[in-house]
Amino acid sequence: MGDKKQLFQDMSDAVVAMDEERVVALARTVIESKVDVYEAIENGLSHGMERAGQLFEEEEYFVPELLVCSDAMYAGLDLLRPHLTQCEGGSKHKVVIGVIEGDTHDIGKNLVKIMLETGGFELHDLGRDVPAARFVQKAGEIDADIIAISTLMTTTMDGMAEVVKLLEKENLRDRVKVIVGGGPISQGFAARIGADGYAAHAGAAVNVARGLMNGDRAHAR
Amino acid sequence: MARVTFFPANVSVDVRPDETILDAARKAGISLEAPCNGTGKCGKCKVTLLGRNGTGGEKDGIAVAACQTKAGEGRAVELTGEWGKESVRVLEAGTSEAGETDPFITKELSTAGPETIILGGGRGLGRENGDTTGFVYGVVVDIGTTTLVATLVDLKEGKEVASTSALNPQSLHGQDVLSRIKLASDRVGLAQLYGLFVSEADRMIGELAQQSDIEKRHIYEMVYSGNTTMLHLATNTDPSSLGRYPYTPVLRGGYLPLPRGGGPGIAEFASLYLPPVISGFVGADITSGVLATRLHERKGITLFIDIGTNGEMVIASDGRLVASSTAAGPAFEGMNITFGMRAGDGAIESFEVTKEGELLVGTIGQTAPKGICGSGLVDIVGELVVHGAIDRNGRIATNGNGRLPGVFKGRLGLKDGKPVFALSDSVYLSQADVRQVQLAKGAIRTGVEYLLRDAGVGPGDVDEVLIAGAFGYHLREKNLLALGLLPESFGGKVSFVGNTSKSGGIAFLVNKGYRTEMKGVVEAVRTIELANYKDFDRTFVNFLRF
């Protein structure tokens with residue numbers, strides 16, 4: 001149905017345009033006209049947010065724009081979610097995310113969380129100042145596919161290496177991928193500590209995570 | 001072992017193959033700048049590998065980051081950057097409202113014979129032969145993260161005799177405070193940074209003594225004024241707790257012994273005094289600033305801000321002081337900026353579009369622009385915002401907007417697909433640079449916001465705004481407002497008080513009464529941790545806009 005396609009495109013555009021009211025209105029249309037809610041989320045809201053992430057990577061958009069886009073996206077999502085049937089979407093890849101111990105700067109982590117959530121991952125947020133052992137424990141507990149660690153400070157970045165070591169010790173290393181990011185982090189650092197991935201921006205984090213999950217099915221419980 | 005040879009210095013050093021060229025340079029005693037301490041982020045430690053594989057030969061080679069390149073089987077390296085000959089402009093002057101002379105160190109003639117007794121706070125510290133009562137000196141070292149300013153003070157007269165400044169040699173091993181904390185978190189690194197400070201301070205004191213024609217042994221007291229981390233590093237104290245939340249300092253200020261032999265070569269019984277430290281990120285330099293401006297005695301609402309990497313600030317409401325610090329980052333010191341540099345020769349320090357539509361670009365030393373320093377960066381971004389070349393969201397306008405001033409024509413363009421503003425043939429401001437400025441100014445504006453809220457006042461209620469710090473002195477109020485680094489209603493209320501870390505430090509030296517007074521003042525200062533506010537994220541993000 002062409003109408004449906006147009007509706008999704010409009011939703012996507014409204015997210016990119018940071019137009020929360022319009023996103024909400026379009027979400028109402030989705031519900032009223034009984035369009036597939038799952039498709040609307042995937043091809044409308046998430047699609048828009050991914051475009052916003054792309055613009056962020058291209059330096060067109062900055063943190064405020066990305067957050068306002070996500071506000072619009074979540075406003076739509078809150079309306080649509082109750083109309084999802086239980087089994088839709090299948091099982092998602094699980095990500096444990098947090099800021100490493102000793103650091104309380106979490107804006108970067110929150111952006112990555114938004115982008116991964118939009119990108120179809122299931123997020124478990126441990127917050128900030130999180131000890132290495134807590135990441136590993138949580139990952140084991142929920143059978144996570146990915147641990148995502150962030151820090152803004154040079155003085156705390158070595159704690160990330162600790163997470164990798166602990167995973168090895170717990171024999172979880174081959175089950176869980178580790179991705180790292182933040183101000184002082186570089187690709188070289190990620191490689192040195194044996195992490196699986198690094199992204200310079202929140203927008204790029206989704207592709208890194210997807211690349212790591214490529215072919216892998218979500219861990220079954 | 002692998003041999004690394006540096007040209008044009010022609011110095012060789014043997015290192016393990018897995019050590020980097022930066023490691024080799026440090027071993028060889030070559031001052032290769034590595035502001036990010038070798039994390040591979042800043043790219044400022046570029047060197048050229050000579051010949052194929054960098055083993056020597058042809059002149060042309062490839063440029064690499066020294067910190068990311070292993071010594072391998074040996075290398076021949078050409079130093080390309082500004083190694084070892086950096087010029088830095090340092091502000092030495094500062095406001096001081098300090099009063100009379102009543103130093104901690106005094107002298108009296110012995111009743112027993114031709115001998116002079118040196119007293120510290122009235123207690124005997126040592127003796128000297130003959131009558132030396134005419135020679136009583138002290139030194140203040142303002143220990144900045146980037147620069148050191150040493151000042152010789154005549155304690156009898158309560159007057160500055162001479163002052164000198166230099167690059168803090170530690171900055172070659174990590175420009176920002178966190179890199180240095182990290183380096184000093186093991187004994188070897190701490191000893192290295194401590195040693196660098198002590199020998200440079202010693203050299204500066206020697207210079208001051210010689211220039212003023214006094215003997216070094218007649219210097220009896222040192223005051224170190226600086227941020228909390230710098231005080232730790234200058235006293236060989238483990239700073240690692242400052243690098244992790246809740247950033248608890250080991251030192252709180254007060255008297256410390258100066259190590260024999262290890263300290264600057266002054267009187268052997270000389271003492272060291274550190275002004276009281278407010279918190280892990282609000283240091284003795286800010287206490288000195290409070291003293292120099294008598295902030296605690298001012299009527300009404302006064303805001304004291306040190307615009308730098310840590311953006312320390314104190315709000316005084318009729319004597320009640322609340323302090324905070326913000327992670328502004330080193331953008332204003334030229335870090336993380338494509339053509340960022342310190343305030344040395346060739347740095348663009350001012351930028352203005354005149355009423356007549358002319359473009360004035362000022363560089364230090366009137367040379368061709370090599371880069372952009374902090375004040376230049378504030379000017380450039382401020383002017384571009386005012387004239388519409390940067391929009392509210394921080395985007396550099398691409399060509400075609402008819403309302404831009406004519407002088408911007410041909411300067412706006414794309415570099416690798418991303419918008420830039422050209423400042424000269426080779427120097428430009430990138431979109432990513434604007435983002436860095438947004439983060440820095442957003443952090444400071446957010447700090448101001450929470451201090452105002454804490455005091456229960458709005459921006460319009462502020463009576464006075466005092467901007468301290470060497471960098472602050474070169475700023476212009478209008479561009480701080482244009483950037484939104486300060487609220488618009490601060491217009492006309494901003495004054496630049498200069499290096500109050502130094503002037504306050506001198507006050508501590510010449511009048512011991514201030515030590516007791518400020519101990520009480522600092523104990524009553526409340527510190528707020530911005531990250532603990534629920535809406536901190538949103539507030540900060542809102543202030544990222546221009």
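How many of the 25 residues of α7(B) are buried? Some notes on that and a few other spots follow.

1. First, the ground rules. This is a predicted model, in which local features need pLDDT of at least 70 and side-chain atom pairs count only at pLDDT 80 or more, while totals for chains, interfaces and linings use all residues. Residues are numbered from 1 along each chain as its sequence is written, and chains are lettered from A and ligands numbered from 1 in the order in which they are written.

2. Back to α7(B). The answer is 19 of the 25, so this helix is largely enclosed by the rest of the structure. Buried here means 20 or more other C-beta atoms within 10 Å of the residue's own (exposed is 12 or fewer, partly exposed in between, with C-beta atoms placed from the backbone). Helices are DSSP runs of H or I with at least four residues, strands are runs of E with at least two, and both are numbered from the N terminus. From first to last C-alpha, α7(B) reaches 36 Å, close to the 36 Å expected at 1.5 Å a residue; the expected span is 1.5 Å times one less than the number of residues. Just after the helix, B:G456 takes a positive phi of about 70°.

3. On the core: the largest nonpolar one has 230 residues, and A:V15, A:I147 and A:I179 have the most contacts inside it. Helix α7 (residues 431–455) of chain B gives the most to this core, with 10 residues. A nonpolar core is a set of buried Ala, Val, Leu, Ile, Met, Phe, Trp, Tyr and Cys residues joined through C-beta atoms within 7 Å. Leaving aside residues up to four places away in sequence, A:I147 touches A:V96, A:F135, A:A139, A:V163, A:V176 and A:V178. Contact means C-beta atoms, placed from the backbone, within 7 Å.

4. Between the chains, 28 residues of chain B are in contact with 22 residues of chain A. On the chain B side, α2 (177–183), α7 and α12 (536–542) each supply at least two residues. That side divides into nine nonpolar, 11 polar and eight charged residues. Nonpolar covers Ala, Val, Leu, Ile, Met, Phe, Trp, Tyr, Cys and Pro; charged covers Asp, Glu, Lys and Arg; the others, Gly among them, are polar.

5. Chain A is split into domain 1 (2–83) and domain 2 (94–213), with bounds from an automatic or database domain assignment. Their C-alpha centres lie 27 Å apart, and the contact takes 11 residues from domain 1 and 10 residues from domain 2. On the domain 1 side, α3(A) gives the most, with seven residues.

6. α3(A) also meets helix α9 (residues 202–213) of chain A: the axes come within 7 Å and cross at roughly 115°. (Axes are lines fitted to C-alpha atoms, for helices over the stretch in contact, and angles run from 0 to 180 degrees between N-to-C directions.) A:G53, A:Q54, A:F56 and A:E57 of α3(A) meet A:A202, A:G203, A:A204 and A:V206 of α9(A).

7. Last, a loop residue. B:P239 sits between α4 (228–234) and β13 (254–257) of chain B, and counts as buried because it has 27 C-beta neighbours inside 10 Å. Residues up to four places away in sequence aside, B:P239 touches B:I181, B:A184, B:T229, B:H232 and B:L233.

Conventions. Contact = placed C-beta atoms within 7 Å.
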